[in-house]
Amino acid sequence: MSPFMAEFIGTMLLILLGDGVVANVVLNDTKGNNSGWMVITTAWGLAVFVGVVVAGPYSGAHLNPAVTIGLAIAGKFAWSSVMPYIAAQILGAAAGAFLVWLMYFDHFQRTNDPGSILAVYCTGPAVRNYVSNIASEIIGTFVLIFTIFYISGAEISPSKTPIGMGSLGAIPVALLVWVIGLALGGTTGYAINPARDLGPRIMHALLPMKSKGTSDWAYAWIPILGPVIGTSIAAFLYMHMH
């Protein structure tokens, strides 16, 4: 398990479960149809847990170009590894989106609303206003990255003896993504991750689906640029405070 493969597989699992819950909620004739925002945000948080558990020991489980870029800006990650990590994340996200298509193939066939089909794969604004949309992504990503900088392993104080938490160490990030979704996700669907949006959006454009509409490329720059700006602000503020 190389760092590249860990980022690929971890992000693939993240998107399989994250886009999978959206498919379960919005596509026709599923068991979870219309089960709502609480189901979506909870499953996305747990999807992060799964991805971090698998990739964490091998790559640090970034699973998100915003995390990779933020850590590099703060001097906590080598710039030479940034592009390989981002490539693995985008490819993993695309692979996860493909698996969602296989998993819910019959339900894609029974869904006639192009907007619902697109929502499975990528984010979109509740109200299309690019200024406020990108502000939402900046703020959501800032909260994600700035908090990640302060997540530390469990230890016994004052001796600072570390306690091995094993897979439970992934819980703080899962809870963080969950609360961002619940509190800040209502405007743009909280991409807060360029790979999470771009990889599946590419697959939406490529995969055959009966009632598929456009992939809304006019909006696609928001969930890429917003998180990059948000993580940069978080990293620079963190460095200034330390």
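Reader: How far apart are the mean positions of the positive and negative charges of the protein?

Author: This is a predicted model, and the distance is computed from its atoms. The protein has 9 positive and 9 negative charges.

Reader: Which helices and strands does the protein contain, and in what pattern along the sequence?

Author: The protein holds ten helices and two strands. Reading along the sequence, one finds the order α-α-α-α-α-α-α-β-β-α-α-α.

Reader: What radius of gyration does the protein have, and why does it agree with that of a compact globule?

Author: The C-alpha atoms fill a box of roughly 60 × 35 × 35 Å along the principal axes. A compact globule of 242 residues would have a radius of gyration near 18 Å. The protein agrees with this because its own value is 18 Å.

Reader: Is Ala174 buried or exposed?

Author: Ala174 lies in helix H8, which spans residues 171-184. A residue is buried if its relative accessible area is under 20%. Ala174 has 8% relative accessibility, so Ala174 counts as buried.

Reader: Which residues does Ala174 touch, not counting residues up to four places away in sequence?

Author: Contact means heavy atoms within 4.5 Å. With residues up to four places away in sequence left out, Ala174 touches Gly45, Val48 and Phe49.

Reader: How far apart in space are Ala174 and Pro208?

Author: In sequence, Ala174 and Pro208 are 34 residues apart. In space, from C-alpha to C-alpha, the distance between Ala174 and Pro208 is 32 Å.

Conventions. Residues numbered from 1 in each chain as written. Predicted model: local features only at pLDDT ≥ 70, side-chain atom pairs only at ≥ 80, totals over all residues. Heavy atoms only, no water. Helix = DSSP H or I, 4+ residues; strand = E, 2+ residues; numbered from the N terminus. Rg over C-alpha atoms; globule rule 2.2 N^0.38 Å. Lys, Arg positive; Asp, Glu negative; His and termini not counted. Charge placed at Lys NZ, Arg CZ, Asp CG, Glu CD. Buried < 20%, exposed > 50% of the residue type's maximum accessible area, 1.4 Å probe, protein only.
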